[in-house]
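Colleague: I would like a close look at a single part of this model. Please treat the charged side chains and their surroundings in one connected account.

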Amino acid sequence: AQLRRQLQDSAFSSLVDVFKQAVAREAFKAKLVSIFLNAFRRDSNGLPRYFKTEQEVDQAYLVAKEKALAVLDLFETLQVKEPLRDGETDSEETAFKVLLDPETKTDVKGQFEKESENAFMETKRSVTDPLATFK
């Protein structure tokens, strides 16, 4: 009975961990997209951009993407100190947790790039064919 309870607790804990990872990935991606869209669609004064040429779209895209990916790199390097559990001592192995592991970073980056590229293409189409948004 006790072994069964331990297995149930372990399975539930694993399920919670998977859920937390999925939520964290989505939260990271949403933050990156927000940073990107703010930099891409707004100028340095916070006003909406009006693109006249494709080159302006290209330049704004590159700058906005660079800003968002810099935040992703920052999250990868950040570490947070975890609270000690009963009976644990403070050591190098247990003291810190990396916020964003390489696998999660790759996944989040891929999802972010899809969304940022969609915004880029939509904006580029509106510059090359202003009536495309009304068709």
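With which residue does Glu-26 form a salt bridge, and how far apart are the closest N and O atoms?

Modeller: In this predicted model, Glu-26 pairs with Lys-29 in a salt bridge whose closest N and O atoms are 3.2 Å apart. Both residues belong to helix α1, three residues apart, which is about one turn of the helix. Glu-26 is partly exposed, at 40% relative accessibility, whereas Lys-29 counts as buried because its relative accessibility is 10%, under the 20% limit. Lys-29 also meets the side chain of Glu-115 in a salt bridge, at 2.7 Å from N to O. Since Lys-29 lies in helix α1 and Glu-115 in helix α4, this pair ties together parts that are 86 residues apart in sequence. Glu-115 is itself partly exposed, with a relative accessible area of 35%.

A further salt bridge joins the side chains of Glu-113 and Lys-65, at 3.6 Å from N to O. This pair links helix α4, which holds Glu-113, to helix α2, which holds Lys-65, across 48 residues. Lys-65 counts as buried, at 18% relative accessibility. The structure holds eight salt bridges.

Phe-112 touches both lysines discussed above, Lys-29 and Lys-65, and its other contacts include Leu-32, Phe-36 and Leu-69. Phe-112 is also among the residues with the most contacts inside the largest nonpolar core, which has 20 residues. Helices α1, α2 and α4 each supply at least two residues of this core, and α2 gives the most, with seven.

Methods:
Residues numbered from 1 in each chain as written. Predicted model: local features only at pLDDT ≥ 70, side-chain atom pairs only at ≥ 80, totals over all residues. Heavy atoms only, no water. Core = buried A, V, L, I, M, F, W, Y, C linked by side-chain atoms within 4.5 Å. Buried < 20%, exposed > 50% of the residue type's maximum accessible area, 1.4 Å probe, protein only. Helix = DSSP H or I, 4+ residues; strand = E, 2+ residues; numbered from the N terminus. Contact = heavy atoms within 4.5 Å. Salt bridge = Lys/Arg side-chain N within 4 Å of Asp/Glu carboxyl O. Lists of a residue's contacts leave out its neighbours within four places in sequence.
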